[in-house]
Amino acid sequence: MVLNEQDYRLIAEIQGGLPLSSHPYAVIGERIGLDEQRVIERIDAMLESGIIKRLGIVVRHHELGYTANAMVVWDVPDERLNEVGEKLGALDCITLCYQRPRRLPDWPYNLFCMIHGQEREKVLAYIDRLVGSEGLADIPHKVLFSGRRFKQRGARYQ
Amino acid sequence: MSRELDSIDRAILNRYQGDFPICERPYQAAAEIIGIPESELIRRLERMLEQKQLSRFGPMYHAERLGGGLSLCAMRIPEEQYDQVTEQINAFPEVAHNYARDHAFNMWFVLATETPERIGSVLDEIERHTGFRVYNMPKLQEFFIGLKFEV
């Protein structure tokens, strides 16, 4: 999908949220000079092409009780990366799983995943179990819990 | 906080972290699936936004497909300078969120820029401002993305 100038106006207009009124797409259209049908079509097209990953509620997990937020990082031998990444990515409790670059010698870890839980002990026990069940005992890992949160907002687009 | 949510709030949260309808009366369509009136769905979303249980209600964009840059960055900051460096970093509009983590690499933030090239220059500016090295760790490969929370 090729974005035009109209689309960028639409992207900027709705980035902070959809209007909470019964015809939200008409309200958006009025603000940027498009008709409701056009707004609906373009949002649909952006979802279809993956420019919008999701449309709906973005939660603040901390306020919903998910206070034990662990980033688990693994130093996976390159030849096992895809196998381990796919294994971890398929697990229910893992919400993100990415390969990122090592920064040697300070940072040897190349696979990052996120686990959001309600209690630290349960998250740690879960990680112990998955190390056993997925055959990851020989892959060094570290668990980094988050402490204070200083800033949380989505990215902004002009 | 989560104790204040009732079963209808939970149903809304579990159903609409995505898949919000795109039609003329989307709240009505969504409310029907939950089994409540449109006005009640709107009221509940307003309340959860006010109580900051929701960070927003709308689109989550794919930054790279929008032509933007996105990266996870980490820093090692001595405890006594942590607050000051946090302030310096959060003053950059490109810093989308910033978490402290319990590790020698104790500051983790996400940079979102309008162009991929801008990532490097923001990192340089942060290093110059703070005097500490920034470790840039952009995503190389994605194995899963489904950040949804059951409540």
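Over how many bridges do strand S3 (residues 95–101) of chain B and S4(B) pair, and is the sense parallel or antiparallel? The views below give the answer, and they show a predicted model, in which local features need pLDDT of at least 70, side-chain atom pairs count only at pLDDT 80 or more, and totals for chains, interfaces and linings use all residues. Residues are numbered from 1 along each chain as its sequence is written, while chains are lettered from A and ligands numbered from 1 in the order in which they are written.

**View 1. Strand S4 of chain B and its partners.** S3(B) pairs with S4(B) in the antiparallel sense over 5 bridges, where two strands count as paired if DSSP finds at least two bridges between them, and strands (E, at least two residues) and helices (H or I, at least four) are DSSP runs numbered from the N terminus. These two strands, S3(B) and S4(B), form a hairpin with 5 residues between them. Strand S2 (residues 69–75) of chain B also pairs with S4(B), in the antiparallel sense and over 7 bridges. B:Trp108 in S4(B) is the bridge partner of B:Tyr99, and B:Ala74 stands opposite B:Trp108 as well. Of the 7 residues of S4(B), which spans 107–113, 6 are buried, a residue being buried if 20 or more other C-beta atoms, placed from the backbone, lie within 10 Å of its own.

**View 2. Helix H2 of chain A and its buried face.** Within H2(A), residues 24–32, the buried residues are A:Pro24, A:Tyr25, A:Ile28 and A:Gly29. Seen down the helix axis, the buried residues of H2(A) fall within an arc of 135°, so they line one face of the helix; the arc is that of the directions from the helix axis to the C-beta atoms. They pack against helices H1 (5–14) and H3 (36–48) of chain A, together with helix H2 (26–34) of chain B. Just after H2(A), A:Gly33 takes a positive phi of about 75°.

**View 3. Where chain A touches chain B.** The contact takes 62 residues from chain A and 63 residues from chain B, with two residues in contact if their C-beta atoms, placed from the backbone, lie within 7 Å. On the side of chain A that touches chain B, S5(A) gives the most, with 10 residues. Strand S1(A) and strand S1 (residues 54–61) of chain B run antiparallel and are joined by 7 bridges, and A:Leu55 stands opposite B:Pro59 in S1(B).

Technical notes:
Buried ≥ 20, exposed ≤ 12 C-beta atoms within 10 Å, placed from the backbone.
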